[in-house]
Amino acid sequence: MTEPTPDSPIYDPAATDQLSTVQFADGGEVLLDAQGIGVRASWGHIYGPVDLRVRRGGLTVLVGAGGRGRTALLLTLAGRMKPTSGTLDSFGRINDARNLFANSALGFIEEVDGIEQTIRVHDVLTEQLRWTAPWYKIVGQSTQDDLERMCRPVFGPLTLPSLDAYVEELPELTAALFRIAMANIRRPELLVVGGVDKLSGDRSSRILLDRLIALGREQTVITADINGVQPQPGITDVIDVPNLTDDEFIRLQREDQIQ
């Protein structure tokens, strides 16, 4: 369970020393300011152009069709993918993907944090403990205390998985929260989470949204949803994002549902 690093193909930052400070008209500080960003691969267009601003703190929900375009946008906003066009100001720096990478966590995106299914929860915990420990420190098998410390901030009052449970046997919501917890061990200022609409049940999606709102009390959290969410305390902004790969198809689907 590893994510792209500065040496991986998906990561190609072009850092600059320019600084930027952006404010909303109402005084809210902007953490991410994307102007005309997009990604084009050798085989064609992935997403863009996209303009959006993410304010510091709380939960920001991006409204857009699921698929590779939306996934690539989330990767870009976490510094794991470099836009091939446009500019992205983050943490006061312009086009500095390396700095954005260092200040963010990315979870519940299969292309990045998919967990091997045939292993137990305690094996994943142990791997993460060893990954984050100093090179000289010997780390034994994870314990119940490790599970509590690493997962409770994400799970809140919800039941934690058993140490001996196989990942493939975890309920869908539990598995999603566990993946987010593993991604968020460092608890950086920015947490980017795959769409809440990836869960099959509406109730599970609402619970996941509630947990992201809770995390937004201490971090800036970004997620996505195909239909959007109702504004409520803890949700900073709900932003429609056009020019994602599947927009045309999702519009047709919505029209069919209305008729």
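Phe-91 counts as buried in this predicted model, at 18% relative accessibility, where buried means under 20% relative accessible area, exposed over 50% and partly exposed in between, with a 1.4 Å probe and protein chains only. The residue sits in the loop between strand 4 and strand 5; strands (E, at least two residues) and helices (H or I, at least four) are DSSP runs, numbered from the N terminus. At 35% relative accessibility, Asn-243 counts as partly exposed. As background, most residues other than glycine have a negative phi, and most peptide bonds are trans. The bond from Gly-48 to Pro-49 is cis, with omega near 0 degrees, and Pro-49 is found in strand 2.

A quick word on the ground rules. Residues are numbered from 1 along each chain as its sequence is written, and side-chain values use heavy atoms, with hydrogens and water left out. Since the model is predicted, local features need pLDDT of at least 70 and side-chain atom pairs count only at pLDDT 80 or more, while totals for chains, interfaces and linings use all residues.

Now for the overall picture. The protein has eight helices and nine strands, and 51% of its 259 residues count as buried. Take the contacts (heavy atoms within 4.5 Å) between residues at least 6 apart in sequence: 72% of them join residues at least 24 apart. The accessible surface comes to about 13,000 Å², with 50% of it belonging to carbon and sulfur atoms; areas come from the Shrake-Rupley method with a 1.4 Å probe, and for residues only the protein chains shown count as cover.

Two strands pair if DSSP finds at least two bridges between them. Strand 1 and strand 2 run antiparallel and are joined by eight bridges; they form a hairpin with two residues between them. Within this pairing, Ile-37 stands opposite Val-50 of strand 2. On to the next pair: strand 1 (residues 30-41) meets strand 4 (residues 85-90) over five bridges, again in the antiparallel sense. Here Ala-34 has Leu-88 as its bridge partner in strand 4, and Gly-38 stands opposite Ser-85 of strand 4. In a regular strand, side chains alternate between the two faces of the sheet.

Next come the voids. On a 1 Å grid over the protein atoms alone, a cavity is a set of points where a 1.4 Å probe fits but cannot get out, whereas a pocket is an open set with protein on both sides within 12 Å along at least five of seven lines; lining residues have an atom within 4 Å of a point. Grid points are joined across faces, edges and corners, and a volume is the space filled by probe spheres set on the points. The structure holds one cavity of 30 Å³ or more, and the largest cavity has a volume of about 30 Å³. Its lining consists of Met-150, Pro-153, Val-154, Ala-181, Asn-184, Ile-185 and Arg-187. By class that makes five nonpolar, one polar and one charged, where Ala, Val, Leu, Ile, Met, Phe, Trp, Tyr, Cys and Pro count as nonpolar, Asp, Glu, Lys and Arg as charged, and the others, Gly among them, as polar. Helix 5 (residues 144-155) gives the most to this lining, with three residues.

Leu-215 ties in with some of these names: leaving aside residues up to four places away in sequence, it touches Pro-153, Val-154, Asn-184, Leu-191 and Val-221. Leu-215 lies in helix 7 and counts as buried, at 7% relative accessibility. Its C-alpha atom is separated by 8.8 Å from that of Leu-191, 24 residues apart along the chain.

Helix 7 (residues 202-215) also gives the most to the lining of the second largest pocket, with four residues. About 240 Å³ of space lies in that pocket. Of its 14 lining residues, Val-196, Asp-202, Ser-205, Arg-206 and Asp-225 are the closest to the centre. The lining divides into five nonpolar, five polar and four charged residues.
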